[in-house]
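Here is a short note for a colleague who has not seen this structure before. Please read it with the structure open beside the text.

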Amino acid sequence: MNLNKLGFDDFFIAHFNNYKNKGYSPARVISQQKNNYLICYENGIVNAKISGKFLYTASVKKNFPTVGDWVAIKLSGNDTQVIIHAVLPRKTAFVRKLAISGGRKIENGIIVGGSTEEQVIASNIDIVFIVSGLDENFNLQRIERYITLAYNSGAIPVIILNKMDCCNCVDEYISKVRDIAFGIEIHAVSVLKNIGMDVFNQYLLPGKTVVFLGSSGVGKSTIINYLIGEERQKTNEVSEVNNKGRHTTSSSQLIMHTTGGMLIDTPGLRELQLWGEQNALNQNFDDIISIIAQCKYRDCKHDKEPGCAIKSAFEEGRISYDRFYSYIKQAEELERLSGRIKETEIYLSKKAKLKARILSDNRRGNLQY
Ligand SMILES: Nc1nc2c(ncn2[C@@H]2O[C@H](COP(=O)(O)OP(=O)(O)OP(=O)(O)O)[C@@H](O)[C@H]2O)c(=O)[nH]1
Ligand SMILES: [Mg+2]
Ligand SMILES: [Zn+2]
């Protein structure tokens with residue numbers, strides 16, 4: 001395996017020099033499941049694990065190897081199990097902030113302390129495809145957030161509006177996206193109906209890496225399968241017979257393309273977006289969040305639970321029902337998007353939502369906002 005073809009260029013060669021002198025070999029991470037890595041090195045693809053020393057010193061998540069990383073490995077005699085000793089500096093990286101539940105402290109009603117952590121979703125990428133479906137899940141704000149993160153990555157963002165077969169006003173959507181994506185290429189395609197798929201040719205270049213990002217179900221894996229010409233990545237196809245057989249991508253994976261380009265498939269919303277969205281929600285509603293944090297019970301539904309801080313805040317006029325209601329609305333949107341809301345701290349019962357709405361209607365005007 002020629003490592004240059006995998007993207008091992010002057011940048012990495014320079015950074016690897018130090019390790020080379022100590023007898024290490026370079027390799028690129030192509031997939032990861034906890035501490036089980038699949039890496040590609042000069043002799044092919046092998047399983048790898050992180051060294052004990054590395055585990056001991058890499059305290060934060062973002063220091064661990066991730067898909068797309070170049071790493072320094074030590075080969076043992078038979079090469080069946082190699083050890084990763086270090087991660088080379090990343091040229092680019094798509095990073096998402098994670099909210100760490102439980103990591104927060106409240107002092108005098110204010111959130112303090114490190115409540116977020118960075119997660120590297122893919123690294124050493126040249127192009128970030130922000131994939132969105134032209135269907136009922138289309139969401140301009142979400143695209144906006146992806147653009148911000150893509151720009152932060154250092155790679156070039158490109159917007160792919162997939163499922164154009166589901167939409168009869170494609171131009172309208174393109175112009176909406178154009179308004180928020182100044183100077184970014186926007187391509188409408190349908191992988192299912194094979195419309196406009198040629199646009200990918202210009203991005204699949206030898207030694208270059210592209211990553212597909214976007215919510216679950218937008219068609220990332222379907223596009224990748226189309227591009228590599230085989231059903232390599234399981235897709236979210238639902239069997240019409242029993243409605244079973246959903247296959248959502250669960251971890252990132254780097255795949256070689258015949259052009260010599262590399263494609264990284266990533267898991268959608270269910271794995272990643274939730275915490276990002278939750279984080280954004282927390283930022284928007286930090287007043288509500290800090291009050292909720294003072295509820296006596298962690299799973300307080302803000303209904304009849306004793307020691308509910310939200311209830312007292314209503315009574316004392318410290319927050320408005322309207323604001324609480326819009327928080328619930330957004331949390332509800334999250335719930336729809338993720339289906340994993342019960343695992344988050346913002347789970348609220350249907351009853352509490354209804355009650356907040358009724359109270360909101362009754363008391364409108366009585367409260368000072
Ligand atoms: N109508 C239509 N459906 C599509 C198109 N592309 C993908 N789909 C369907 O959308 C569903 C989800 O596709 P996936 O490729 O699994 O989506 P994904 O983005 O990989 O989803 P995650 O792996 O969960 O992040 C599948 O049922 C696809 O058949 C398209 O162009 N048009
Ligand atoms: Mg997928
Ligand atoms: Zn409460």
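1. The model is a predicted one. Every value below should be read with that in mind.

2. Begin with the packing of nonpolar side chains. The largest nonpolar core holds 58 residues, and the ones with the most contacts inside it are Ile 39, Phe 94, Val 128, Ile 159 and Leu 161. Helix α3, residues 140–153, supplies the largest share of this core, namely five residues. Both domain 1 (3–87) and domain 2 (93–265) contribute at least three residues each to this core.

3. Leaving out residues up to four places away in sequence, Ile 159 touches Ile 130, Ile 143, Ile 147, Val 177, Ala 181, Ile 184, Glu 185, Ile 186 and His 187. There is also a second, separate core, with 21 residues, among them Val 158, Val 199, Phe 212 and Ile 228.

4. Is Ser 252 buried or exposed? Its relative accessibility is 11%, so Ser 252 counts as buried, the limit for that term being under 20%. Ser 252 sits in the loop that runs between α5 (220–228) and β14 (253–256). Apart from neighbours within four places in sequence, Ser 252 has contacts that include Ile 30, Ser 31 and Gln 32, as well as Val 67 and Ile 121. Ile 264, Asp 265, Thr 266 and Pro 267 are also in contact with Ser 252.

5. Which residues coordinate the zinc ion (ligand 3)? The donors are the SG atoms of Cys 295, Cys 300 and Cys 308 and the ND1 atom of His 302, at 2.1 to 2.4 Å. Along the sequence these donor residues follow the spacing C-x4-C-x1-H-x5-C. The arrangement is tetrahedral because the angles subtended by the four donor atoms run from 103 to 114°. For four tetrahedral donors the ideal angle is 109.5 degrees.

6. Cys 295 is buried, with a relative accessible area of 8%. His 302 is buried as well, its relative accessible area being 8%.

7. How many disulfides does a search of the whole structure find? The search finds zero. Cys 166 is in no disulfide, and the nearest cysteine sulfur, in Cys 167, lies 8.3 Å away. For Cys 169 the closest cysteine sulfur is that of Cys 167, and at 4.1 Å this is too far for a bond, because a disulfide needs the sulfur atoms within 2.5 Å. Cys 166 is partly exposed at 48% relative accessibility, and Cys 169 is partly exposed at 26%.

How values were computed:
Residues are numbered from 1 along each chain as its sequence is written. Chains are lettered from A and ligands numbered from 1 in the order in which they are written. This is a predicted model: local features need pLDDT of at least 70, side-chain atom pairs count only at pLDDT 80 or more; totals for chains, interfaces and linings use all residues. Side-chain values use heavy atoms; hydrogens and water are left out. Helices (H or I, at least four residues) and strands (E, at least two) are DSSP runs, numbered from the N terminus. Buried means under 20% relative accessible area, exposed over 50%, partly exposed in between (1.4 Å probe, protein chains only). Contact means heavy atoms within 4.5 Å. A nonpolar core is a set of buried Ala, Val, Leu, Ile, Met, Phe, Trp, Tyr and Cys residues joined through side-chain atoms within 4.5 Å. Domain bounds come from an automatic or database domain assignment. Donors are N, O and S atoms within 2.8 Å of the metal (3.2 Å for Na, K and Ca); water is not among the atoms, so sites may look incomplete. Four donors count as tetrahedral if all angles lie between 85 and 135 degrees; four count as square planar and six as octahedral if opposite donors are over 155 degrees apart and all others between 65 and 115; anything else is irregular.
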